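Trainee: I would like to go through this model with you, starting with the spaces inside it. Please put it up.

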Amino acid sequence: AVSSCSAALFLSLKALDLPRDARVLLPGFTFAAVPSSVVHADLVPVLCEVGTNYRIDIADFEARLDDNISAVIISHMRGHTSDMDAIKDLCEARNIPVIEDAAHSLGTTWHGRNIGTIGKVGCFSFQSYKLVNSGEGGIMVSDDADLIARAVIMSGAYEHNWKKHKAPEGDNTGELETAFARWQNQLPLYNLRLSNLAAAIIRPQLDEVPRRVRDGRANHDYVAGLLNASPWVQVPEKLTPEERAPDSIQFNLEGMDNTQILAFQEAANARGIKVQVFGQSIDNARAFWNWQFVPEKQELPQTRAMLMSACDVRLPARLKRDELDLIAGALTGAAEDVMGAVQAYGT
């Protein structure tokens with residue numbers, strides 16, 4: 001348990017003990033904290049293309065994977081799961097560890113398996129917009145006892161405070177204790193522990209996760225159906241093995257030029273629904289061209305084009321049907337404000 005998902009990503013990279021300036025492959029559509037964690041770990045972010053369905057372009061991913069890559073971070077951005085079967089096969093064939101940035105994916109499954117448990121490490125967020133919310137906080141999970149021991153100690157478990165982080169008594173208890181003893185006093189401490197207050201806020205919410213996942217999925221799919229009835233709005237379909245746990249909705253604007261996209265954003269906001277067009281919002285932390293701290297500048301034309309018309313709207317699981325109708329109506333209405341009313345058949 002750590003202070004943020006960013007801290008979990010950073011500690012995952014440090015626990016892998018990669019050499020300085022090792023190259024880490026990640027999607028070009030993610031939050032700035034992800035490449036930041038790579039830079040903070042003295043490593044080099046390498047970006048790959050993302051498609052119009054917000055998932056990693058596997059062909060581009062595979063091509064870049066052979067460019068001296070030492071580790072991979074898969075960001076399931078806004079809860080959209082990339083093809084983990086293909087990614088895992090490609091990385092295992094090259095002995096490249098996979099870290100899952102599951103900040104938006106608590107409760108999502110892939111072939112029935114929890115996202116965040118497929119790679120070598122999974123990192124989750126408890127930040128204020130997430131399914132479980134403590135304001136700030138994060139957690140990392142792994143079946144690798146040695147990696148967890150290294151991460152726990154580096155998180156700030158000085159002296160023998162690692163005992164507070166021990167897994168419940170079970171098959172790997174002895175393995176963990178051996179690993180903690182091996183790394184005691186061998187690693188720097190970064191003071192990235194989760195606070196007791198945040199933990200006290202998180203724990204009662206854990207039993208609520210299945211209900212929130214169920215309600216969030218139902219809300220998302222209901223609104224998606226209404227939006228897809230508009231000729232100018234398209235919500236991408238999920239991949240077949242994926243069962244999502246969304247708390248927001250993303251959609252692409254179709255048939256609009258740049259001026260019309262900006263007009264749509266303004267019209268939706270005027271109707272009371274805050275819309276963020278990822279590539280159009282000034283200094284958006286999810287637009288890769290704003291990551292000026294990345295040492296190797298890259299151009300990703302496919303990802304850039306997607307971001308210029310991809311929209312993001314919050315859709316908390318607590319919303320009721322009348323509120324969902326209001327949101328969907330405001331969004332389709334904003335599209336009609338810009339593009340004109342949809343003609344009924346025969347008129």
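Trainee: How many cavities of 30 Å³ or more does the structure hold?
Mentor: This is a predicted model, and the count applies to the atoms as modelled. A cavity is a space where a 1.4 Å probe fits but cannot get out. With the cut-off at 30 Å³ or more, the number of cavities is 3.

Trainee: Which class supplies 7 residues to the lining of the largest cavity?
Mentor: About 80 Å³ of space lies in that cavity. Its lining includes Ala 102, Leu 106, Phe 124 and Val 132, along with His 104, Lys 130 and Asp 247. The lining has 2 charged and 3 polar residues, and the class with 7 is nonpolar.

Trainee: Which residues that line the largest pocket are the closest to its centre?
Mentor: The largest pocket has a volume of about 1,400 Å³. Among the elements that give two or more residues to its lining are strand 7, strand 8 (138–141) and helix 5. By class, the lining divides into 23 nonpolar, 13 polar and 8 charged residues. Of the 44 lining residues, the closest to the centre are Ala 1, Ile 139, Met 140, Val 141 and His 165.

Trainee: How many charged residues are in the lining of the second largest pocket?
Mentor: This pocket holds about 600 Å³ of space. Of its 29 lining residues, Phe 31, Arg 78, Lys 130, Arg 286 and Arg 314 are the closest to the centre. Helix 1 is one of the elements that supply at least two residues of the lining. Beside 10 nonpolar and 10 polar residues, the number of charged ones is 9.

Trainee: Is helix 1 mostly covered or uncovered?
Mentor: Helix 1 spans residues 5–15. Its buried residues include Cys 5, Leu 9, Phe 10 and Leu 13. With 9 of its 11 residues buried, helix 1 is mostly covered.

Trainee: Why does Asn 219 count as buried?
Mentor: Asn 219 sits in helix 8 (residues 209–227). Beyond its sequence neighbours, Asn 219 is in contact with Leu 315, Pro 316, Ala 317, Leu 319 and Leu 324. Buried means under 20% relative accessible area. Asn 219 counts as buried because its relative accessible area is 8%.

Notes. Residues are numbered from 1 along each chain as its sequence is written. This is a predicted model: local features need pLDDT of at least 70, side-chain atom pairs count only at pLDDT 80 or more; totals for chains, interfaces and linings use all residues. Side-chain values use heavy atoms; hydrogens and water are left out. Buried means under 20% relative accessible area, exposed over 50%, partly exposed in between (1.4 Å probe, protein chains only). Helices (H or I, at least four residues) and strands (E, at least two) are DSSP runs, numbered from the N terminus. Contact means heavy atoms within 4.5 Å. On a 1 Å grid over the protein atoms alone, a cavity is a set of points where a 1.4 Å probe fits but cannot get out, and a pocket is an open set with protein on both sides within 12 Å along at least five of seven lines; lining residues have an atom within 4 Å of a point. Grid points are joined across faces, edges and corners, and a volume is the space filled by probe spheres set on the points. Ala, Val, Leu, Ile, Met, Phe, Trp, Tyr, Cys and Pro count as nonpolar, Asp, Glu, Lys and Arg as charged, and the others, Gly among them, as polar. Lists of a residue's contacts leave out its neighbours within four places in sequence.
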